[in-house]
Amino acid sequence: MEKLRDLSQPMDVALLDATVAAFYGTGSKEERAAADHVLRDLQNNPEMWLQVVHILTNAHNLNTKFFALQILEGVIKYRWNALPDVQRDGMKNYISEVIVKLSSDEGSFRRERLYVNKLNIILVQILKHEWPARWRSFIPDLVAAAKTSETICENCMAILKLLSEEVFDFSRGEMTQQKIKELKQSLNSEFQLIHELCMYVLSAASQRTELIRATLATLHAFLSWIPLGYIFESPLLETLLNFLPAPSYRNLTLQCLTEVAALSFGDFYNVQYVKMYNVFIVQLQTILPHNTNVPDAYANGSSEEQAFLQNLALFFTSFYKAHIRVLESSAENVSMLLMGLEYLISISYVDDTEVFKVCLDYWNSYVLELFGAHHNLDNPAMTANMMGLQMPFPGIVDGIGSQLLQRRQLYAGIMSKLRLLMICRMAKPEEVLIVEDENGNIVRETMKDNDVLVQYKSMRETLIYLANLDHEDTETQMLKKLSKQLSGEDWTWNNLNTLCWAIGSISGSMVEEQENRFLVMVIRDLLNLCEITKGKDNKAVIASNIMYVVGQYPRFLRAHWKFLKTVVNKLFEFMHETHPGVQDMACDTFLKIVQKCKRKFVIVQVGENEPFVSELLTSLPTTIADLEPHQIHTFYESVAQMIQAESDPQKRDDFLQRLMVLPNQKWTEIIAQARQRVDFLKDLDVVRTVLNILQTNTSAATSLGSYFLSQITMIFLDMLNVYRMYSELISTTIAEGGPYASKTSHVKLLRSVKRETLKLIETFLDKAEDQPQVGKQFVPPMMDPVLGDYGRNVPDARESEVLSLFATIINKYRGAMTDDVPRIFEAAFQCTLEMITKNFEDYPEHRLKFFSLLRAIATHCFPALIHLSSQQMKLVMDSIIWAFRHTERNIAETGLNLLLEMLKNFQGSEYCNQFYRSYFVTIEQEIFAVLTDTFHKPGFKLHVLVLQHLFCLVESGSLTEPLWDSSTVTLPYPNNGMFVREYTIKLLGTSFPNMTTTEVTQFVNGLFESRNDFASFKNHIRDFLVQSKEFSAQDNKDLYAEEAAAQRERERQRMLSIPGLIAPSEIQDEMVDS
């Protein structure tokens, strides 16, 4: 094997073959490891690529050839431009010759297909550097070679397809903007030769199926960008349509037509589009007769036939998105248009998620467009504005109105069928917890399916538009389907589910009067259905649907107390129904309804003697008798929501005291027993009860906020004593039992009690608004039992919640906490750092909460940081650097945000010079390190902000002393700007030896020039990352994350303007429900 490592003479290829075979072989583990070692050494040797031609010529093993090509690919990507011309030309010519040789003969071309494909990829990688500047004749040479043999022609098509994909599809983040532009221009200008070649093959020059398929595939890659004349002013479209009836070319042809259909550029080629569409529909009727049952045809079809239906959906949706207006503008095309839409509706019923997604995506935009024009008709100025008209012409508005009306009449039939489609195929909303498993049983859902949730959102939006366009038809179709459920004619779980999900999803789209009429019928029918249907599973399905529907219509429930009371009592009934999922859903729906209607429960309704909440508190023990602890907690949160709506403090405290009777009784018993015999608290059942009581308190505190004061005051000091005792118990157990003791169920349970105590205090303090005295009352007693305890514990017994509790306290009471920061530092800082800086994995919870605490201190108690000793300050800075080096995204982001706060705060303080002299260079170096490694891409925006801050600071005049160390620098720099410039050039020059000094200097100068404009500063850094070859061949969407976020906010504002588009149950309003 050593012989292979000597690269001074031609390599022994047979030995290399044997080594590669050993690596992939079934020999012993040692043999494979040894082979792996040698191959890695060869791969890392910069001279190895010079042996590639020799290896490719003599190797017999295909894997050896791939190994050589992998080495070559690395050189092309990272070192190509640095090679001498002779070597570049030699390699270029060699690769071209091998490709031509292998593809000129049918036998070798089929046999060596994998190898040829890899060589094609290598050739295209070379082209990205060489063409057009250093290889002008590439396209003419390729076309000339293609005409010499059919197999060469087939391979040339493959190369052209690869080239098109590299330049147009995969170039973002791979090449600089300038290079992409240059390659696109070259491809455009040379396209005539390629076009002639394709037309030559397709116009009956060849009978070879493989060649025609390769040509169609290449055309498919080209059609999205080639100059339009080649498509519409040549016989290309007719030629393509001729291939459509032939089964072996049908799918490829359809993909090409879809690319053409998706192009959109004004009205210039409308005539050609209409002709293409009409010929297509005529041909389609022979391939797929109009009366075919498409879902059945799909279910029983071959994979080719299924692909055809999928492609058909893509063709129709692409064509209509761009050109539906052309078809609807003349009477003779309308019938063809409607037939196409009917086809698309039939395809939408196909039972395949991908096909349905394509159709749904189009239906969504189609109805949005029809609705958009109709929605703005109430506002004539808006519509006229959309059509570029000035206002005060009433006649014009009528004209627009009649135009819109005609469009809506034209599509009325399609819209009605579309409503039925949406109702029949409605996806499951998130709130529904009861599903049918693969064995046909009704069970509780165990995992959320994100695909279904995305689909639900899109279907819901589409149905909202459809409902807004014609409320009558929507209502009629829904009620008709519901009556079929009642009569049993159409009764299945799935039919009832999709119908109820659809009914729930259009909440908010109707005017109140119509919604009331509609819902009275729906809820009445569903309650009847629940009474008349037998069978546990059936009842569970109906129950889940009743709960879903009522949860979606808070406005209706607020207006109809009788219905609201009936519904809530029905929910209490469901809370005794032990079918999995029903109780959970009943508790969730109860909470949802109470949040929106809470005032209704605390006032005395007509014909009643006391508010509903009082009645409920009396029967509370029986209502919750069959619930699990986690369900009881939700129930308590709901009742506490009602109590929170009571404005009379006396009544409110009375209700709260009645609500907490059960947990308080238990708590008092336990504490009394513990006073007599402290070991009583160690009993596992007692620990579980304590945990349950604390969780119930937390649930109530979540809803009540400040109003929870009387309850927490009562248990607070006892709770801290229990906390301290359990904490000591945990520490001694871990100290005696070693690291594994912390994993035992006993210790885990004790820790849960500690965590819940912290969570309860944090929830209460967080929600207690404008009550500074609450802080004074609760924070000092916690200093020793909670904070002191944290420092005293062994690492495995420290609760990360202590850190988040104090972060909450500092965020809440801000500057008032400044004096306590040294205490917090002393107890929690150093000991937590020791836990989290050993590696990047241990104590993940402590990491994030530690940096959140640090950020709270830096934001609100900055003066306390200034008074730290330089030793402690260094610890803080090291921990921040440690945070943003983290590959865990949220820890890195917290670290970067914290760093930005510190930098800004120090810039404005009197310690500005001192701080930056100590840390400027370190921060810059560390930020460049994470910016240019690929693990930290999500932090890109924050990295850029930190750098922008540093570069602006240097030029701002805030720093009055030099940043460099004058004891080591012999010639002082004229100013800090020059120092940072030189330092950065040196830093990047040594980090990226593949870049020239000129390139690096240009980049650094650009940073200084663009420092005041964030957008151009950011783009400048993006281009540098591509140029330095650090970010290529990877997913670069994180570099563009900010642009995506702005788009999302615009979309939310649009949604808020349409009735029902954001469900009433989701709008965070202060519901006026008195």
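This briefing describes the fold, the packing and some individual residues of a predicted model. Residues are numbered from 1 along each chain as its sequence is written, and side-chain values use heavy atoms, with hydrogens and water left out. Because the model is predicted, local features need pLDDT of at least 70 and side-chain atom pairs count only at pLDDT 80 or more, whereas totals for chains, interfaces and linings use all residues.

**Overall architecture**

- The secondary structure of the chain comes to 52 helices and 2 strands, where helices (H or I, at least four residues) and strands (E, at least two) are DSSP runs numbered from the N terminus.
- Taken along the principal axes, the C-alpha atoms of the chain fill a box of roughly 100 × 90 × 75 Å.
- Of the 1074 residues of the chain, 52% count as buried; buried means under 20% relative accessible area, exposed means over 50%, and partly exposed lies in between, with a 1.4 Å probe and protein chains only.
- Among the contacts in the chain with a separation of 6 or more, 74% come from residues 24 or more positions apart, contact meaning heavy atoms within 4.5 Å.

**The largest nonpolar core**

- A nonpolar core is a set of buried Ala, Val, Leu, Ile, Met, Phe, Trp, Tyr and Cys residues joined through side-chain atoms within 4.5 Å.
- The largest such core has 364 residues, of which Phe 316, Tyr 320, Trp 363, Tyr 366, Phe 590 and Tyr 916 touch the most other members, and helix H38 (residues 709-737) gives the most to this core, with 12 residues.
- Leaving aside neighbours within four places in sequence, Phe 590 is in contact with Val 568, Leu 571, Phe 572, Met 575, Leu 616, Phe 635, Ser 638, Val 639 and Met 642.

**The pairing of H47 and H48**

- Two packed helices are described by the angle between their axes and the distance between the axes.
- The axes of helix H47 (residues 912-931) and helix H48 (residues 940-956) come within 10 Å and cross at roughly 145°; axes are lines fitted to C-alpha atoms, for helices over the stretch in contact, and angles run from 0 to 180 degrees between N-to-C directions.
- The crossing of H47 and H48 is left-handed, a term for the case in which the near helix is turned anticlockwise from the far one by less than a right angle.
- On the H47 side the contact includes Tyr 916, Phe 920, Ile 923 and Glu 924, and on the H48 side it includes Phe 940, His 943, Val 946 and His 949.
- By class, the contact of H47 with H48 has 14 nonpolar, 2 polar and 1 charged residues, with Ala, Val, Leu, Ile, Met, Phe, Trp, Tyr, Cys and Pro counted as nonpolar, Asp, Glu, Lys and Arg as charged, and the others, Gly among them, as polar.

**Helix H43 and its surroundings**

- Helix H43 (residues 844-860) has 17 residues and reaches 25 Å from its first C-alpha to its last, close to the 24 Å expected at 1.5 Å a residue, the expected span being 1.5 Å times one less than the number of residues.
- The buried residues of H43 include His 846, Arg 847, Lys 849, Phe 850 and Phe 851, and the buried residues of this helix pack against helices H40 (772-792), H41 (800-813), H42 (821-836), H44 (862-866), H45 (870-885) and H46 (889-907).
- Tyr 843, in the loop between H42 and H43, has a positive phi near 50° although it is a residue other than glycine, and counts as partly exposed at 24% relative accessibility.

**Other individual residues**

- Arg 460, in helix H24 (residues 450-469), is buried with a relative accessible area of 7%, and, not counting residues up to four places away in sequence, touches Met 426, Ser 505, Gly 1060, Leu 1061, Ile 1062 and Ala 1063.
- Ala 68, in helix H5 (residues 62-78), is buried with a relative accessible area of 0%, and its contacts beyond four places in sequence are Val 52, Ile 55 and Leu 56.
- A cis peptide bond with omega about 0° joins Trp 131 and Pro 132, and Pro 132 has its place in the loop between helix H8 (113-130) and helix H9 (138-146).
- Arg 814, in the loop between H41 and H42, is not a glycine but has a positive phi of about 45°, and is partly exposed with a relative accessible area of 48%.
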